[in-house]
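Here are some notes to read alongside the model. Keep the 3D view open and click through the residues as you go.

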Amino acid sequence: PSDEDEAGQQGALKRFSAMWSSFRRGKRDREYSITSLQPRYVSGQYFFEYLVVVSLKKAKDSSNYEPQITYQFPKVNGMARFQKEEEEKTLKAITLFCFPEGINWAPLTEYHSETFSFVLTEIDGSRRNGYCRRLLPGGKGARPPEAYCIISTLACFGLFSKIFDEVEKRRQISMAMIYPFMQKLREAPFPAPGNTVEINSFIPGSGTEVIRLTRPLDSWLEHVDFATLFSCLTDKEVLLVFAATVLERRIIFIADELGTLSQVIHAVAALLYPFTWQHTFISIVPEILIDVVMAPTPYLLGVQKHLLDFVTDQSDLLVVDLSVDKEKTFIVSIGDESSILPPKLETEILEALTNRQKTPSVEELNRVVSEAFLQFFVKTVGHYASYVKYSRKGQQGVFEKRSFYKAIESKTTRHFVKTFIQTQMFDLFIQEVEQQQPGPQQGIFYEKVLEYQEKKKRDQSKKH
């Protein structure tokens, strides 16, 4: 490309990354500000911001289809001009993510409905989740599919998938049936982890139904489905992906199904807990924005298989095929992925993962998988708190990096940690610890660290 074309392409990539990369610096569970005039929603009491229906409409003077928003609930009124402009950009982005394949559609008589999710990050750092159910609308003859999309700051895939079941059921009766159900949902308080909210909804012919929506107890895993990840990849392949992710490399996942892409990419990001992916994160890259794969910075991207040719002419990245009919899993790789993790700890993860065969429920599977990877971080960097030193009370702590990794006895673990502590995700984690006051910290990770340290003390006292 000419210099001018290349400059334009880079500018587009920067703008795209600024608007839609998923995880920014900042706590994962931090409350983000929303450019909206609805304070009750900002306080986190609403389930969702709005529901939109995106339909495929034939473009004028063309046989191509364009995705357009044909229904929005509730209508957002009373916005200032700059807010309205930002909202219009967001709505345009939603249409792209609901139909990332672009304009090449033809009317269909059969279509398997699918549910997937994506993340929008605005320029001000506020993050919104998009939940999408694509289906074939009622009617006779060939017709294009339509998409129902819920925008919410809440990350809870399972809960919103159940809400879509209710939306789809009402859509089969009449579009008008969706409105009262969504109004009732909007007025309901979002439940605390482990709690249930009940919504009464009237359906002609069936009477009043009571819909129960239960939020999982492990709230940090409520957006995650590890089952899809392990149905697409073997345990060893998951470890290779995890190793590349831990070192913040460029990783692209390939699949035909949008649901597979979004579920796998969110599951991979969840394996990093208590750390958070700090770079570009796009679970489904719309065809019109495929140039984002050329970005030189770290990313986690989901790309549909028909766009594979756009991503395989690069090196220095990992391309993972999730398809059922794949010839090989790793289409492109750097080649050192199997030597990144300490061998002993890698074996321990694989052994822990064998327990998932006995798990009867999604919640139990999530617990077993997350525990296996959480223990890896407990054993490699769990001693971090002892190396944050405070000169005097009220002052910010200082992390003694060199003493921290030198304290590790195992050479292979020390070598890994020396590389890992240079990542942005570790840097941010330590920055937050340094800003806290000395003393016991909160959270599952810290609890597991204490358990592990107590066990080590007991084992040492038994030896003596």
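**Notes on the model**

1. Let's start with a proline. Proline 74 sits in the loop between strand E2 (65–73) and helix H3 (81–98). Here, helices (H or I, at least four residues) and strands (E, at least two) are DSSP runs, numbered from the N terminus. The peptide bond leading from phenylalanine 73 into proline 74 is cis, with omega near -10°. Another cis bond runs from tyrosine 273 to proline 274, with omega near 15°. Proline 274 belongs to the loop between H8 and strand E9 (280–282).

2. A word on what you're looking at: this is a predicted model, where local features need pLDDT of at least 70 and side-chain atom pairs count only at pLDDT 80 or more, while totals for chains, interfaces and linings use all residues. Residues are numbered from 1 along each chain as its sequence is written, and side-chain values use heavy atoms, leaving out hydrogens and water.

3. Now the overall picture. The protein has 14 helices and 14 strands. Of its 464 residues, 53% count as buried; buried means under 20% relative accessible area, exposed over 50%, and partly exposed in between (1.4 Å probe, protein chains only). Take contacts between residues at least 6 apart in sequence: 64% of them join residues at least 24 apart. Contact means heavy atoms within 4.5 Å.

4. Next, have a look at H4 and H5. Helix H4 (residues 157–173) packs on helix H5 (residues 178–187) at an angle of about 155°, and their axes are 9 Å apart. Axes are lines fitted to C-alpha atoms, for helices over the stretch in contact, and angles run from 0 to 180 degrees between N-to-C directions. H4 and H5 are therefore roughly antiparallel, given that angles under 35 degrees count as roughly parallel, over 145 as roughly antiparallel, 65 to 115 as roughly perpendicular and the rest as oblique. On the H4 side, Ile163, Glu166, Val167, Arg170 and Arg171 meet Ile178, Phe181, Met182 and Leu185 of H5. By class, this contact has six nonpolar, no polar and three charged residues. The classes are simple: Ala, Val, Leu, Ile, Met, Phe, Trp, Tyr, Cys and Pro count as nonpolar, Asp, Glu, Lys and Arg as charged, and the others, Gly among them, as polar.

5. What is the angle between H7 and H9? Helix H7 (residues 235–246) and helix H9 (residues 343–353) pack at about 135°, with axes 10 Å apart. That makes H7 oblique to H9. Their crossing is right-handed; a crossing is left-handed if the near helix is turned anticlockwise from the far one by less than a right angle, and right-handed if clockwise. Asp235, Lys236 and Leu239 in H7 meet Glu346, Ile349, Leu350 and Leu353 in H9. Sorted by class, the residues of this contact are four nonpolar, no polar and three charged.

6. One more helix pair. H10 and helix H14 (residues 444–463) cross at roughly 65°, and their axes come within 10 Å. H10 and H14 are therefore roughly perpendicular, and the crossing is right-handed. Among the residues that meet here are Leu374 and Phe377 of H10 and Phe445 and Tyr452 of H14. The contact divides into seven nonpolar, one polar and three charged residues.

7. Around the end of H7, check glutamate 248, in the loop between H7 and strand E8 (250–255). Is glutamate 248 buried or exposed? Buried, with a relative accessible area of 10%.

8. Isoleucine 340 is in the loop between strand E12 (330–332) and H9, and counts as buried at 10% relative accessibility. Leaving aside neighbours within four places in sequence, isoleucine 340 is in contact with Ala243, Ala244, Leu247, Arg249 and Phe416.

9. Finally, histidine 266 lies in helix H8 (residues 258–270) and is buried, at 6% relative accessible area. Setting aside neighbours within four places in sequence, its contacts include Ser117, His223 and Phe281.
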